[in-house]
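Trainee: Could you take me closely through the aromatic side chains of this model, and show me what surrounds them?

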Amino acid sequence: QQQVTEVKNEMKKSELDIINGFETKFESTSGAEKIWWMDSIIGFWDKSMRPAISAVYAKDKADLSGQIEDFMMAGERFLGVAQFLKPEDKPWAFNEAKGIFEKVLELTPNNADAKINLGICMVETNPENPMQGIGLLREVVASDPNNTRAILQLGHFSVLSGQFSKAIERYE
């Protein structure tokens, strides 16, 4: 929230009026209308090229709606943002995503996309001991041998760990 305030302090008055208007409407409504205004807030931060801020609001939207799709979108936003952050900031984004995907798996234990994303987060947040995350990816492949995304991610991690023959096998 402090970083959002800092960003707002640097904004043009016209942009600040827009986001403040969205936030005022959000605070004064309820139900589906509240979610609609949250979408406007997220869209504003997306257009302002502030993906980390929009990811935070996407998580708030997911908490508000309780919808699996909203949790997945929020987690994927954090996962995407992590790729572009400074090394010291990456753990924050990966841990936010990790918590979201854990929640999704509590609600839908067989959600392959959530398992893949959680596996990625686990490997990225614990590179010294990546096997728990790799295990989730292998679990997805075991239940769906044609899951291209899981196979490619395993190939990527094989390259990173210097296991080139395994990577080639997975990529083929």
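Mentor: Trp92 is partly exposed in this predicted model, because its relative accessible area is 36%, which lies between the 20% under which a residue is buried and the 50% over which a residue is exposed. The ring of Trp92 pairs with that of Phe78, with the centres 5.4 Å apart, and the pair is edge-to-face because its planes stand at 80°, which is over the 60 degrees required. Phe78, for its part, is buried, with a relative accessible area of 1%. The two residues bring together distant parts of the chain, since Phe78 belongs to helix α5 (residues 68-82) and Trp92 to helix α6 (residues 90-107), and they are 14 residues apart.

This is one of four aromatic pairs in the structure. Another is formed by Phe22 and Trp37, whose centres are 5.8 Å from each other and whose planes make an angle of 45°, a pair described as tilted. Here too the pair links distant parts of the chain, with Phe22 in helix α2 (residues 13-27) and Trp37 in helix α3 (residues 31-47), 15 residues apart. Phe22 counts as partly exposed at 21% relative accessibility, whereas Trp37 is buried at 13%, and the two fall into these classes because the cut-off for buried is under 20%. Phe22 and Trp37 also belong, together with Trp36, to one aromatic cluster.

A ring can also meet a charge, as at Phe26, where the charged end of Lys34 sits over the ring, 4.2 Å from its centre.

If neighbours within four places in sequence are left aside, the residues in contact with Phe101 are Met72, Gly75, Glu76, Leu79, Ala114, Asn117, Leu118 and Cys121.

Lys61 lies in helix α4 (residues 51-65), and Lys61 is buried, because its relative accessible area of 14% is under the 20% cut-off.

Definitions and conventions: Residues are numbered from 1 along each chain as its sequence is written. This is a predicted model: local features need pLDDT of at least 70, side-chain atom pairs count only at pLDDT 80 or more; totals for chains, interfaces and linings use all residues. Side-chain values use heavy atoms; hydrogens and water are left out. Rings of Phe, Tyr and Trp (its six-membered ring) pair if their centres lie within 6.5 Å; planes under 30 degrees apart count as stacked, over 60 as edge-to-face and the rest as tilted. Helices (H or I, at least four residues) and strands (E, at least two) are DSSP runs, numbered from the N terminus. Buried means under 20% relative accessible area, exposed over 50%, partly exposed in between (1.4 Å probe, protein chains only). A charge sits over a ring if NZ of Lys or CZ of Arg is within 6 Å of the ring centre and within 35 degrees of the ring normal. Contact means heavy atoms within 4.5 Å.
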